[in-house]
Amino acid sequence: MKSMIKNESLTPWPWQVNISKLAFDLNSLASQLKDFSQCCYLVEHNDKGLGISHDAEIINPESLTPSSPTTGKTSNVLPVSAFAPALGTQSLGDSHFRRVHGVKYAYYAGAMANGISSEELVIALGKAGILCSFGAAGLIPSRVEAAIVRIQAALPQGPYAFNLIHSPSEPALERGSVELFLKHQVRTVEASAFLGLTPHIVYYRAAGLSLDSKGQINIANKVIAKVSRTEVATHFMQPAPVKILQKLKDEGLISSEQMELAQQVPMADDITAEADSGGHTDNRPLVTLLPTLLALKDNIQKQYQYPTPLRVGAGGGIGTPDAALAAFNMGAAYIVTGSVNQACIEAGASEHTRKLLSTTEMADVTMAPAADMFEMGVKLQVIKRGTLFPMRANKLYDIYTRFDSIDDIPADEREKLEQQVFRASLDTIWQGTVKHFNERDPKQIERALNHPKRKMALIFRWYLGLSSRWSNTGEVGREMDYQIWAGPALGAFNQWAKGSYLAHYQQRQAVDVAKHILYGAAYLNRINFITSQGIKLPNELLRWQANQKMG
């Protein structure tokens, strides 16, 4: 392409900027680059260096002399060397995600069980137009119902979601959660830890299907499925199984029309590729998991031709603007954060825990047995610094695999458990276990009465379950037993936040953190666009600095 300027140098853009409209100082460069609502035009001046402006005009070939593009001594205008369009946070991710969920950003805060993703967290983010999933997993039905009532009162138009965790050892809890969600018309659930489809999640999805006045399928009950395996993702990307639908219809839970409609829509609206996250995780690298699920999505979309295409987002390992932009650039329709929100003031975690989280580094995490899937050997990612929980929990699982009952445990080993871990006799702990499960799922106790190994598992799950609650409530004297879920993304966030006000845990507000991650990603997107045009920016401008509150 021929240059529009009559000299030996070429300019990639057909614009020029009057030198009077250019700013050359570092502060002006920074402020104009951060103003995503306007285009940026950059020029290079031999004497003054890099200049920036929000205004430019189409080049007039007669207005420049051969010397003017480089020195600016014989002309009042300079050619544009690089350009950045007015693209901000709204350009990141899938617009359909924002429209379907009624949010401002292609971003949501994932659930953290036992109410760590608290009412306060959901409401604060919701009022800012950001989706957040309440951490209903592990809570008894009455506690979940109270949260529904409070959140709906504060966010009558949304956005909000509730977590529905697969509970293979406590199916009554999963069923009870679905019944509560349908009763209170909770319109978005985040399905997590599913190994396959259950009648409960299918019931929730199908019960919200109907035809509108134009004969189009209306999906009232939206599902966001967090997955880390292609076989599980396939289940949620495809329509519900006829066998499960037929059983639900026979039981009178769904209508014939809903059964028919459920075979025409996917089980989930959104699939979150859950990589190396806190809590339940397969520790999958995002750079391999996300592209794999995106390819799977394309194949299934081609097969079923859904009117509204499936969306695949990314979660796990996202705690900085850089990570967020990387996920979007890989094709994520939206991003999900988790660990970074647990250290925020709105989270349902104790001050001791939030302070510890704010100093966590990337290597300070490890895997430990999960309370809800203990017998299956499923593990979750937790903090290992400042607590003995991982070591003690793994010891419990080792004992569980080696012995068939509590009575088989050698006396000296049992004594250590009672003194160091449970701080009570195992007989006393069993009594507390009976009371605990009678409130949640009485059938658990019935199945354990004549099954010594199951009884041992329930006793051990007493410790695994309470250790998380101790962390949330700040149980004094149990600090070394706190079970604190987190992934390496938290360590990355802490490293990024050093030197800023966000380094202090009492200054971390969820909306502020979310906006820094999103605005930072948009800023880095602009920086990358400019540097790809051959412009060398000052080092101070290459990173997003958290130097002011954005909430």
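Ala, Val, Leu, Ile, Met, Phe, Trp, Tyr, Cys and Pro are counted here as nonpolar, Asp, Glu, Lys and Arg as charged, and the others, Gly among them, as polar. The structure is a predicted model, in which local features need pLDDT of at least 70 and side-chain atom pairs count only at pLDDT 80 or more, while totals for chains, interfaces and linings use all residues. Residues are numbered from 1 along each chain as its sequence is written, and side-chain values use heavy atoms, with hydrogens and water left out.

The protein chain contains 21 helices and 19 strands; helices (H or I, at least four residues) and strands (E, at least two) are DSSP runs, numbered from the N terminus. Taken along the principal axes, the C-alpha atoms fill a box of roughly 95 × 60 × 40 Å. Of the 551 residues, 56% count as buried, a term that stands for under 20% relative accessible area, with exposed meaning over 50% and partly exposed the range in between (1.4 Å probe, protein chains only). The accessible surface of the chain comes to about 23100 Å², and carbon and sulfur atoms hold 51% of that area. Such areas come from the Shrake-Rupley method with a 1.4 Å probe; for residues, only the protein chains shown count as cover. Among contacts with a separation of 6 or more, 69% are between residues 24 or more positions apart, where contact means heavy atoms within 4.5 Å.

The pairing of strands may be considered next. Two strands are said to pair if DSSP finds at least two bridges between them. Strand β14 (residues 270–274) is mostly covered, with 5 of its 5 residues buried. In a regular strand the side chains alternate between the two faces of the sheet. In β14, D270, T272 and E274 point one way and I271 and A273 the other way, and all of them are buried. Strand β13 (residues 222–227) pairs with β14 in the parallel sense over 4 bridges, and the bridge partner of A225 in β14 is I271. Strand β16 (residues 311–315) also pairs with β14 in the parallel sense, over 5 bridges; here A273 has A314 of β16 as its bridge partner.

Antiparallel pairing is found in an open sheet of 3 strands with the order β15-β19-β18. Its edge strands are β15 and β18, each of which pairs on one side only. Strand β19 (residues 379–383) is mostly covered, since 4 of its 5 residues are buried. Strand β15 (residues 279–280) pairs with β19 in the antiparallel sense over 2 bridges: G279 stands opposite Q381, and H280 stands opposite L380. Strand β18 (residues 365–369) and β19 pair in the antiparallel sense over 5 bridges. Within β19, Q381 is the bridge partner of M367.

A cis peptide bond, with omega of about 0°, joins G158 and P159. P159 is found in the loop between α5 (141–154) and β9 (161–165). Q185 has a positive phi of about 55° although it is not a glycine, and lies in the loop between α6 (171–183) and β10 (188–192). A193, likewise not a glycine, has a positive phi of about 65°. A193 lies in the loop between β10 and α7 (199–206), and A193 counts as buried because its relative accessibility is 16%.

The second largest pocket has a volume of about 510 Å³. Of the 21 residues that line this pocket, the closest to its centre are I217, I219, D269, P307 and T308. On a 1 Å grid over the protein atoms alone, a pocket is an open set of points with protein on both sides within 12 Å along at least five of seven lines, and lining residues have an atom within 4 Å of a point. Grid points are joined across faces, edges and corners, and the volume is the space filled by probe spheres set on the points. Both α3 (95–101) and β12 (217–219) supply at least two residues of the lining of the second largest pocket. The largest share, 3 residues, comes from β12. By class, the lining of the second largest pocket has 10 nonpolar, 4 polar and 7 charged residues.

Methods:
On a 1 Å grid over the protein atoms alone, a cavity is a set of points where a 1.4 Å probe fits but cannot get out, and a pocket is an open set with protein on both sides within 12 Å along at least five of seven lines; lining residues have an atom within 4 Å of a point.
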